[in-house]
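Hello,

Here is the structure I promised to pass on.

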Amino acid sequence: MDTLLAGIALFALALLLGGMVFFAAVVAPRAFRALPPEMAGRFVRHLFPAYYLYLLGCSAAAAVALFPLAKPAAGIMAAVAGLGLWLRQVLMPRINAASDAAKAGRAEAEPVFHRLHRLSVIANLLQMAAAGAVLALFAAG
């Protein structure tokens with residue numbers, strides 16, 4: 001049973017980290033190079049709810065599989081899942097509202113959008129680092 005759980009955890013961690021890196025390093029930058037800024041923004045905005053569900057599913061699966069094997073690692077992955085849920089349900093709507101307000105000409109919304117967007121980028125980087133650390137530590141030993 002431990003081998004099965006370890007396999008599930010490693011698979012979920014690899015999917016999580018690979019998906020996050022692919023989205024951040026390929027999908028989003030490519031969209032902004034290939035499309036006009038307004039269209040690229042709408043495209044990426046449309047992808048984020050699914051991205052966060054993917055992140056939530058992979059990190060939760062890793063947390064559940066890791067729980068009997070490595071409780072600290074499971075806790076880290078549960079925190080990654082929780083942060084993903086908060087990003088999707090709380091921060092993303094606020095970012096979208098600030099973006100919409102800025103596009104509607106409300107000058108005070110622009111710095112709010114940039115601050116919230118920066119917060120989401122930092123949170124995603126923390127999630128990637130946590131997933132990478134758990135993957136490296138768990139795979140090594």
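A question to begin with: is Asn 124 buried or exposed? Please keep in mind that this is a predicted model. Asn 124 has a relative accessible area of 9%, and the cut-off for buried is under 20%, so this residue counts as buried.

As for where it sits, Asn 124 is part of helix α4, which covers residues 109-140. Leaving aside residues up to four places away in sequence, Asn 124 is in contact with Met 20, Tyr 51, Tyr 52, Leu 55 and Leu 87.

Now for the chain as a whole. The protein chain has four helices and zero strands, so if you read the elements from the N terminus you get α-α-α-α. Its C-alpha trace spans about 55 × 30 × 20 Å along the principal axes.

Among contacts with a separation of 6 or more, 72% are between residues 24 or more positions apart.

Finally, the surface and the charges. The accessible surface of the protein chain is about 7,900 Å², and carbon and sulfur atoms contribute 73% of that. Of the charged side chains, 11 are positive and 5 are negative, with the centres of the two sets 2 Å apart.

Best wishes

Definitions and conventions: Residues numbered from 1 in each chain as written. Predicted model: local features only at pLDDT ≥ 70, side-chain atom pairs only at ≥ 80, totals over all residues. Heavy atoms only, no water. Helix = DSSP H or I, 4+ residues; strand = E, 2+ residues; numbered from the N terminus. Contact = heavy atoms within 4.5 Å. Areas by Shrake-Rupley, 256 points an atom, 1.4 Å probe, with all protein chains shown as cover. Lys, Arg positive; Asp, Glu negative; His and termini not counted. Charge placed at Lys NZ, Arg CZ, Asp CG, Glu CD. Buried < 20%, exposed > 50% of the residue type's maximum accessible area, 1.4 Å probe, protein only.
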